[in-house]
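I would ask everyone to look at the sequence and the model together as we proceed.

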Amino acid sequence: MSAPSAARTEAEAWAAVATLVGTGPTEGSVVGTQVLADLERRARRWGHRFESAGLGELCLFAAGLAVAEAEAWERDDPTVATRAFEDRRFLASDRIVWWAVPWALAHQPEVAEILLELGERLRLAPALTGSEGLVPPGEDAFGPVDVDLFGSLLSAGPWEELAERWPGTARLWTDLATRSGRARF
């Protein structure tokens, strides 16, 4: 599959998630915090402005970035194409997949499946050997291990199974499996 075709196929997947979730939850409503400064800065570079930064809106922005990538490849503009890919990968890894998959598993499993497929394609958080050098001491892929990000959502997910099935995001699910083992319910 050519780069433009792959990007357009990815755009369709992002748009499908947006359609399924509507506005959807926000990162803040799921985990209690939402860092918008970097997200807004990246969106401004593309002439975009977020209204709610809900899951649906984030996915539409990702779809737009995928279309921008495809169009840039088609007009032989690798600088714009790679910037669109880079910003989409950041958006997916830092602002969507890590919190939206646990939420979707509990509320909309079909959305989780699409997001996992996208995470696999983008290789957002592959499991590497050990964690030395990847995260600061006392942290995992989600940040400080003593912070409960997902509450009862931790107990709802088949984290180890996801890590085996989706190697492109395995680090996230391995870390959640470890966190859920430490969680007190």
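Let me begin with a definition: helices (H or I, at least four residues) and strands (E, at least two) are DSSP runs, numbered from the N terminus. Under that definition, Arg 45 lies in helix α3.

Two remarks on the source are needed before we continue. This is a predicted model, in which local features need pLDDT of at least 70 and side-chain atom pairs count only at pLDDT 80 or more, while totals for chains, interfaces and linings use all residues. Residues are numbered from 1 along each chain as its sequence is written, and side-chain values use heavy atoms, with hydrogens and water left out.

I turn now to the overall fold. The protein chain contains 9 helices and 2 strands. Read from the N terminus, the order of its elements is α-α-α-α-α-α-β-β-α-α-α. Along the principal axes, the C-alpha atoms fill a box of roughly 55 × 35 × 30 Å.

How does the radius of gyration relate to that of a compact globule? The radius of gyration is taken over C-alpha atoms, and the globule rule is 2.2 Å times the number of residues to the power 0.38. For 185 residues the rule gives a value near 16 Å, and the protein chain has 16 Å, so the two agree.

Next, the surface and the contacts. Accessible areas come from the Shrake-Rupley method with a 1.4 Å probe, and for residues only the protein chains shown count as cover. The accessible surface of the protein chain is about 9100 Å², and 53% of it belongs to carbon and sulfur atoms. A residue is buried under 20% relative accessible area, exposed over 50%, and partly exposed in between (1.4 Å probe, protein chains only). Of the 185 residues, 45% count as buried. Contact means heavy atoms within 4.5 Å. Among the contacts with a separation of 6 or more, 75% are between residues 24 or more positions apart.

Let us look at the interior. A nonpolar core is a set of buried Ala, Val, Leu, Ile, Met, Phe, Trp, Tyr and Cys residues joined through side-chain atoms within 4.5 Å. The largest such core has 49 residues, and those that touch the most other members are Trp 14, Ile 96, Trp 99, Leu 115 and Trp 173. At least two residues of this core come from each of α1 (3-21), α2 (27-31), α3 (37-45), α4 (55-74), α5 (78-107), α6 (109-122), α8 (159-165) and α9 (170-182). Which helix gives the most to this core? The answer is α5, with 10 residues. As for Trp 173, with neighbours within four places in sequence left aside, its contacts are Val 97, Val 101, Pro 102, Leu 116, Trp 159, Leu 162 and Ala 163.

Asp 175 is found in helix α9 and is buried, because its relative accessible area is 8%. Leaving aside neighbours within four places in sequence, Asp 175 is in contact with Asp 140, Ala 141 and Phe 142. Asp 140 itself is found in strand β1, and with 9% relative accessibility Asp 140 counts as buried.

Is Glu 57, in turn, buried or exposed? Glu 57 counts as buried, because its relative accessibility is 15%. This residue is found in helix α4, and, not counting residues up to four places away in sequence, Glu 57 touches Thr 23, His 48, Arg 49, Phe 50, Glu 51 and Ser 52.

We return to Arg 45, which counts as partly exposed at 36% relative accessibility. Not counting residues up to four places away in sequence, Arg 45 touches Arg 83 and Asp 87. Arg 45 and Asp 87 are 42 residues apart in sequence, and their C-alpha atoms are 9.9 Å apart in space.

Finally, a word on the backbone. Most residues other than glycine have a negative phi. Ala 53 has a positive phi, near 55°. Ala 53 is found in the loop between α3 and α4, and at 2% relative accessibility this residue counts as buried. Arg 123 is not a glycine either, and has a positive phi of about 50°. Arg 123 lies in the loop between α6 and β1 (139-140), and counts as partly exposed because its relative accessibility is 37%.

Thank you for your attention.
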